[in-house]
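Confidence is treated at the end.

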Amino acid sequence: MKKILLLGIGNSGRADDGLGWLFLDEIEKRYPGIFAIEYRYQLQVEDAELIRHYDSVLFIDATQEKIPEGCAIRPCESSGSFYYSSHLQSPEAIVYLAEELYGRVPDANTLHICGYDWELGNRPLQAALENLNRALKLFHDTFFEIAVPASQEHKSEPVTL
Amino acid sequence: MSRTITIDPVTRVEGHGRVTIHLDDQGKVDESFFHIVEFRGFERFIQGHPYWQAPNLVQRLCGICPVSHHLAAAKAIDQIVGIDPENLSPLATKLRKLLHYAQIFQSHALHFFYLASPDLLFGMDAPPEKRNVVAVAAENRDLAVKGITMRKFGQELIKALAGKKIHGTLAVPGGVYKTFKKKDRDYFLNGNEIPNIETMIEWSQAMVEFMKNYHAGNREFLDEFAAFPSGHLGTVKPDGALELYDGRLRAIDSEGKITLADVHSDDYAEYFLEAVARWSYMKFPYLKNMGRKKGWNRVGPMARLNICDYIPTPLAEKARLEYFAFAGKTVVNSTMYSHWARLIETLHCAEVINVLLHDPDILGEDDLVREGRYRQKGIGIIEAPRGTLTHHYEVDDKGMITRCNLIVSTTHNNDAMNEAVKWVANKVISKKDTITEGMLNQVEVAIRAYDPCLSCATQALGKMPLKAELYDHEGNLIREIIKN
C-alpha cells in the first residue's frame, strides 16, 4: 500500500481557517490508521524533508478563492517561487525543495476548501462546514479511491460538527 | 525635494515591521524609524485567567519561540505556588533545560540557515529572487540539508518532551507533568532514525568554522556594518558563566564597564523602566539609573557573549575565545557579529543537550512536581533565543491573574534596531541620487541580524500589507514596490 501523507494547514482559532485541521480530524475518525496526518499552522522549509518519505502527499487548506463546487483537488507542481516570510511556504515550494535537496518528490496534490470568515473564532461558518463535507466526499471519490485499495475502503459519512 | 522612503514590511524577520527614512531636500537623511505597527494586547488579554493557564496561553504569542514563553511563564508561576527555581526538583529542572536548549538550538538554526545565510552567501546586492533559502538550497545543497536537519533535531526533541513541536506542554506549576522515556532519549543518541547529537555538535562546529572563514574574507563588513556603541544585557551564573535558563541579570556598557551587577530576577522592576513612542507599538526598556537615552541595552547572542566571563562547555568556550581574538576586542559592538555569536551559542546548546541526554536523572519517575506556600506574585526571567525575556504575573487570592508585564527580548533590541537603521540610512542612502533595491536591502540586513520577533514583541494579531512606498516632501506617493 502507498504511504500517504495528509498535511492540513490552518488555525482552529481563526474560524474558517480551521478547515484544513477539521478535515484531518474527520479523516482520522473515518479511516483510522490509513493515512499519516500532520497539522500545520503554516508550511515551513523542513516540511520538504518530511514529504520525501511518502509516496503521495495531499496539502489541505482553506481558501479565499471562489470555487463553484466549494472545494477542489489540484495537482501540486514543483515551483521555486518563494514567499517573503521565513515561516510561510507554498506547497509548490515545499515540493520544489524536496526535489532540490533530496531528489525525491512524492505525487503531490492540493485540496482547497472554500472559507469565508477569517476572524478570531473557534467554529467555522455553516457554509464552510458544508464545503468541508463536499471536500470529504471529493477526497473519497477521487483521491482516496486511487490511493487506497478497494478492499480497504470505508463509507463516507456526513459531517456532524 | 525631501522624500520619505518606506520599507513595508521588512522581510525575513518573524512578524512584520516597517521602516521609514526621511530625506531632506538635499537628499540627506533627516530622520529614520523602525516602526512596529502590529497590535499589542496579550498583557491585558491574560488578566482574569487563572494563573495555571499562563504557561500555555502565552505560548500563543509566537509560533517560533513558544517554548521560551512557556518556560518564562512557568518559572513565574512556580513562584506563585511557592517554588523558587532552586527548589524545583532536579528532574524538572533538567527536563525544562533540555526543552529550553532544544528550542534555542532549533531557533538559531532557523535564523542562520533560513534567514541570514542568503545575506552572507549572496551579498546584499544580489537580486531579491535570490535572497532566500530556496536559492541557498539550489546553490548550496549541503548547507541547506544540514540546516533543515538541525532544526528538525531541535523540533523533534521539543516534540518528545512537550508532545508537540509547536505549542506543546511540559511545564506545570512547580514542575513538569511527565518524564522522559528511555526510547525517546535513545532516538536522539543512536542515530538510527535521525543524525544523533554527536552529529549536531559536529555540524555546529562546522558552522562556526564557516563564520570564521567568512570573517577572513569579509572582515571590514563584519566589523563596520551597522556598528555602534551600546549597552549589553544577559544573564550569568554566580561565577560569571553564560546561563540561559536561570541566571542573574548582568549589563555592561559599550566598553565593558558593569552597569547592572548580577541582579536577581525577582528585583528586575527596581532596575528597569519601559518607554513608549507614538510611532511604534513596541516598548523601549532601559536601565532606570542610566536614563532613557543611555540606559538601553542590546540583548541576544552577541550581548550574551559580551557580558559573560566564559561559556561552560568546552567547544563553545574555545569558539568564544577565538571570536574575541578575531574581533580584537573584549566587547563587540558590531551588529554583524551577532550571526557568529548565534552559531557559537548553537554549538553550546548542542553540547548542553548532549550532557543532559546522558544524564540518568532525566529518566526519573518521581518528584515531578513540588508545591510550597501560595504567593501573589511571580517573576520568571529566561534567556530566549533573541535575548532576555521577562514574565511577571500578579494574582488575587482566588488565583486569577490581575497583572501581567512582559518584557520581550526583541523590545530590548528596539533602540538597537533603530540605531542600525540610522547607520545604514546615513552611510548608504544619504545623498544618493538613486536609491537601489540593494541599498534598501541593507536596512533589512541590519535589522535581520537581531533576529527580531515582532509578533512576540507586540503580541500581534493579524497580518500586514506588503509594500514599499516612496513619498515626496509634500506627501505625494512617487514610488511603490509590492514585495511579494
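Axes here are lines fitted to C-alpha atoms, for helices over the stretch in contact, and angles run from 0 to 180 degrees between N-to-C directions. The structure is a predicted model.

**Helix pairs**

Two packed helices are described by the angle between their axes and the distance between the axes.

| Helix pair | Angle | Axis distance |
|---|---|---|
| Helix 8 (residues 197-217) of chain B and helix 14 (residues 337-357) of chain B | roughly 165° | within 9 Å |
| Helix 3 (residues 66-80) of chain B and helix 4 (residues 90-122) of chain B | about 150° | 9 Å |

Angles over 145 degrees count as roughly antiparallel. Helix 3 of chain B is therefore roughly antiparallel to helix 4 of chain B, and their crossing is left-handed. From helix 3 of chain B, Val67(B), Ser68(B) and Leu71(B) take part, meeting Arg96(B), Leu99(B), His100(B) and Gln103(B) of helix 4 of chain B. By class, the residues of this contact are 3 nonpolar, 3 polar and 1 charged.

Helix 8 of chain B and helix 14 of chain B are likewise roughly antiparallel to each other, and helix 8 of chain B passes helix 14 of chain B in a left-handed crossing. On the helix 8 side of chain B the contact includes Ile197(B), Met200(B), Ile201(B) and Met211(B). Across from these, helix 14 of chain B contributes residues including Trp340(B), Leu343(B), Leu347(B), Glu351(B) and Leu357(B). The contact of helix 8 with helix 14 of chain B holds 13 nonpolar, 5 polar and 1 charged residues.

**The sheet**

In chain B, 3 strands make up an open sheet with antiparallel pairing, in the order 12-13-14. Strand 12 (377-384) and strand 14 (401-407) of chain B are at the edges with a single partner strand each, so one side of each has no neighbour in the sheet. From one strand to the next the twist averages 10°.

Strand 13 (residues 387-395) of chain B is joined to strand 14 of chain B by 6 bridges. In this pairing Val395(B) stands opposite Ile401(B) of strand 14 of chain B.

**Confidence**

The model has an ipTM of 0.77 and a pTM of 0.87. Chain B has a mean pLDDT of 86, with 87% of its residues at 70 or more. Over residues 455-468 of chain B, pLDDT stays under 50, and the model has 52 contacts beyond four places in sequence for them. Where pLDDT is low, the predicted coordinates should not be read in detail.

Methods. Residues numbered from 1 in each chain as written. Chains lettered and ligands numbered in written order. Predicted model: local features only at pLDDT ≥ 70, side-chain atom pairs only at ≥ 80, totals over all residues. Pairing = 2+ DSSP bridges. Helix = DSSP H or I, 4+ residues; strand = E, 2+ residues; numbered from the N terminus. pLDDT = per-residue confidence, 0-100. Contact = placed C-beta atoms within 7 Å. Parallel < 35°, antiparallel > 145°, perpendicular 65-115°, else oblique. Left-handed = near helix turned anticlockwise from the far one by under 90°. Nonpolar A, V, L, I, M, F, W, Y, C, P; charged D, E, K, R; others polar.
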